[in-house]
Amino acid sequence: MFSTIVKSTTFLIFAASSLAAANFNAGAEKDRLEMIKYFETKFEDPAKNLNRFFPYSNEEELATKYEKNLKHMDFNIGSYAYAKDAKFQYDELKEMPPYEYAIEKGEELYTKKFANGNSLQTCFPDLTNAGTYPYFDDKTQKMVSLTSAINDCLRANGEKEWGTKKGPMAEFQAYYVNESKEAGKNFDIKIQSEAAKAAYERGKEYYYTQRGYLKLSCATCHVEGAGKRVRNEILSPLIGQVTHFPVLRLKWTDIGTVERRLSGCVLDQGQVPPKDESEEMKELLYFLAYMSNEMPVDGPDVRK
């Protein structure tokens, strides 16, 4: 009898513990599912949704130049999902991807020996997990982004850290991410502790907070403004926003990291961007990556 009680009590404690762990991501998952529903509704028929979502847009343009009946996974290619003209140009560029050189350079960097005989391969034996970054390290109580993990590897082996926006950092990431894409991996961001949940919430707060002299937030452009035109560019959606990095932007003429793009976007808003390896930047990336959960790893890629 006592044995039965002990077993039952142990099971209940284990079940309660498992349930609590599973619930750390409940709020984030609610955010993600609601955002998917929002974008599917918005782009079910852009012309029909003129008054609701596109009050200052041209009805004829929405009817003729925008795709409709878009679903969750369609947004993995950003604004190319709904902008017909841009999608045509994108498909042409993809026939001869201009970022292939970066993948090749990244592969060379992967096996290049450090002075101590180790290499990046020592730190990253598995290259099929790009969709798990950033993650919250419960031991250090800090976020780990792919960029910070690479520099941590270099520092731990007595090597000089890399710049976080382009060059070797972006090239190695191109190879890393491409390996994950070739393996058919999806984004799979976990929230498994109260501290990780708090980090997600801070990233979310940053995304939705108005800053700078223009009083804009990331969400101003990429949630409410997604699909709207700013000069010659059509704004991209929140979901799928980080799945394709690193990217070769035609504006840059070379490949760059997600931190490079986010910093530029924040500067355009009249704000001072957080440092690339700061907790603030990594928490913002944590939020963005979670919102792309279940979507395919699709980098490297090309953007205008």
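Analyst: A residue counts as buried when its relative accessible area is under 20%. The model shown here is predicted. In it, helix 9 (residues 168-182) spans 21 Å from its first C-alpha to its last, close to the 21 Å expected.

User: How many residues of helix 9 are buried, and which are they?

Analyst: As a general idea, an α-helix has 3.6 residues a turn, so residues three or four places apart point the same way. Here, 11 of the 15 residues of helix 9 are buried, and the helix is mostly covered. The buried residues are Met 169, Ala 170, Glu 171, Phe 172, Gln 173, Ala 174, Tyr 175, Tyr 176, Val 177, Asn 178 and Ser 180.

User: Against which elements do the buried residues of helix 9 pack?

Analyst: Their partners are helix 6 (100-111), helix 7 (120-123), helix 8 (146-156) and strand 6 (254-256). Just after helix 9, Gly 184 has a positive phi of about 75 degrees.

User: What is the volume of the largest pocket, and which residues are closest to its centre?

Analyst: A lining residue has an atom within 4 Å of a pocket point. The largest pocket has a volume of about 1300 Å³. Its lining comprises 48 residues, with Glu 233, Ile 234, Leu 235, Arg 249 and Arg 261 closest to the centre. Helix 12 contributes the most to this lining, with eight residues. By class, the lining holds 23 nonpolar, 11 polar and 14 charged residues.

User: Which element gives the most to the lining of the second largest pocket?

Analyst: Helix 8 does, with four residues. This second largest pocket holds about 270 Å³ of space.

Terms used
Residues are numbered from 1 along each chain as its sequence is written. This is a predicted model: local features need pLDDT of at least 70, side-chain atom pairs count only at pLDDT 80 or more; totals for chains, interfaces and linings use all residues. Side-chain values use heavy atoms; hydrogens and water are left out. Helices (H or I, at least four residues) and strands (E, at least two) are DSSP runs, numbered from the N terminus. The expected span of a helix is 1.5 Å times one less than its number of residues. Buried means under 20% relative accessible area, exposed over 50%, partly exposed in between (1.4 Å probe, protein chains only). Contact means heavy atoms within 4.5 Å. On a 1 Å grid over the protein atoms alone, a cavity is a set of points where a 1.4 Å probe fits but cannot get out, and a pocket is an open set with protein on both sides within 12 Å along at least five of seven lines; lining residues have an atom within 4 Å of a point. Grid points are joined across faces, edges and corners, and a volume is the space filled by probe spheres set on the points. Ala, Val, Leu, Ile, Met, Phe, Trp, Tyr, Cys and Pro count as nonpolar, Asp, Glu, Lys and Arg as charged, and the others, Gly among them, as polar.
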